[in-house]
Amino acid sequence: MTEERKSIRKKIRATKEMGRIMSEYFYELDAAAKSSDKKVAWCSSVGPAEILRSLGFHVYFPENHSAMLGATRMATDLIPYANAIGYSPDICSYLTADVGAYLKNLTPLSRAYPGIESIPKPDVMVFNTNQCRDVQDWFGWFAEQYHVPMVGVYTHRGIGGVTEAHVQSIAQQMEEMIEPLEKVSDNGFDMNELKRVMALSRECSILWKKVLDTAAAVPSPLTFFDGTIHMGPAVVLRGTRQANDYYRVLLAELEERVKNHEGAVEGERFRLYWEGMPIWGRLRQHSELFGGLKACMVASTYCNSWIFSAFDPADPFTSMAKAYTELFIVRSDEAKERYIKEMIDFFKIDGVVYHDAKTCPNNSNNRYGMPQRIEKETGVPSLVINGDLNDLRCLSDEQANTNIEAFIEQLEENR
Ligand code: SF4
């Protein structure tokens, strides 16, 4: 490849507004944790946040914090402190980075938001094992440190179709959470309030999907790397007006780009799909590397994971149970393969990049022959990058970059 590589990263104007609402969110959480009359719930990223908001909790998402530890490249140095107390370097590096940060009394929130000295102290921990078992162990450790109760939903995993029996069992577990949560929150459960929050969450999901779907345009107005930043409100503020107002602003900007045929990657030549977790400490480098090769990473399973199409405010528990169980990560390989093939089609994908994240088997879908099966059926080539979401010791930059460049050359030759 002799052509000079130059990548111009197009800034999204709405980023400033997102910074404002995220800052407001963290300062409110910090204030709630310090006050005697407000309550904080910690929630796993695809846990029942709507129930918590309806009960008046301020909701904090440890995975979001761990992603910040990764993006600020603090995680790799903190993981060994969790290893030293018995958490293996092979398990979730969100967990180990977060435990390490707590043990060292460090948080990236302090640098990003002056005046915030620590993560918000929880009053209760709430998880759903739909994504993995690690969240249960992670939250359990913190529940012991803070001497607070923990409640959880135990989800069936590796399922093909989501059946009535799956949905009913999850809906029942969610209803059974209400009583212990009411005791912590001091607020009585109000079905109308849950319906109101659900309606907002549903709207957030619809808007977020529309944002991501703009990437079907050629050239794509956004990249997966943009998506990992702009998904923040869909994760931590779903169920609030702020998130929805924000996504309307972002959507308008992206639709304007589509109208003007303005691509996120100048001279877009290849359209790629990212399967797996981001490598948080290398977002900028990867965005520049792919951009410089005129390859736009247009879409990903990861960003799509906060689309909850089944949400129905008229039937909160059943629809929440369905939405949080039909997620990609919960499903069998057959269901996942069907989904990826649909994405390849919808986003007009030239190549799929699988990230084999050393410490997250739950989000590493290359390990049982899936890339080969999909490639055989679609003719769309794939590449596997070995790395990790947070532990940069698992990534060889040199090897990853060489493999990415060779992959793009292969796509070029195939043209
Ligand atoms: S899904 Fe993976 S990254 Fe997320 S909490 Fe579970 S093990 Fe960690």
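The bond between Val 218 and Pro 219 is a cis peptide bond, with omega at about -5°.

I noted that this is a predicted model, in which local features need pLDDT of at least 70 and side-chain atom pairs count only at pLDDT 80 or more, while totals for chains, interfaces and linings use all residues. Residues are numbered from 1 along each chain as its sequence is written.

Next I looked at the whole chain, which has 18 helices and 8 strands. Its C-alpha trace spans about 65 × 45 × 40 Å along the principal axes. A compact globule of 415 residues would have a radius of gyration near 22 Å, and the 21 Å of the protein chain agrees with that; the radius is taken over C-alpha atoms, and the globule rule is 2.2 Å times the number of residues to the power 0.38.

I then turned to the open sheet with the strand order 2-1-3-4, whose 4 strands pair in parallel; two strands count as paired if DSSP finds at least two bridges between them. Strand 2 (58-60) and strand 4 (150-153) stand at the edges with a single partner strand each, so one side of each has no neighbour in the sheet. From one strand to the next the twist averages 25°, where axes are lines fitted to C-alpha atoms, for helices over the stretch in contact, and angles between N-to-C directions run from 0 to 180 degrees. Strand 1 (residues 40-43) is joined to strand 2 by 3 bridges in the parallel sense, and I found His 58 of strand 2 as the bridge partner of Val 40. Helix 7 (residues 134-146) packs on this sheet and touches strand 1, strand 3 (124-128) and strand 4, its direction making about 175° with that of strand 3; a contact between two residues means that their C-beta atoms, placed from the backbone, lie within 7 Å.

The other sheet I followed is also open, with 4 strands in the order 6-5-7-8 and parallel pairing. Strand 6 (295-300) and strand 8 are its edges, and since each has a single partner strand, one side of each is left without a neighbour in the sheet. Strand 5 (residues 270-275) pairs with strand 7 in the parallel sense over 4 bridges, and Val 353 in strand 7 is the bridge partner of Trp 274. Helix 18 (residues 397-414) packs on the sheet, touching strand 5, strand 6, strand 7 and strand 8.

Strand 7 (residues 351-357) and strand 8 (residues 382-387) run parallel and are joined by 6 bridges. The chain passes between them through helix 17 (residues 370-378) in a right-handed β-α-β crossover, meaning that, with the strands pointing away from the viewer, the path from the first strand over the helix to the second runs clockwise.

Last, I checked a helix pair: helix 8 (residues 164-185) and helix 15 (residues 316-325) pack at about 115°, with axes 8 Å apart. Residues in this contact include Ile 170 and Met 174 of helix 8 and Phe 317 and Met 320 of helix 15. In the loop between helix 8 and helix 9 I found Asp 186, whose phi is near 65°, a positive value in a residue other than glycine.

How values were computed: Helices (H or I, at least four residues) and strands (E, at least two) are DSSP runs, numbered from the N terminus.
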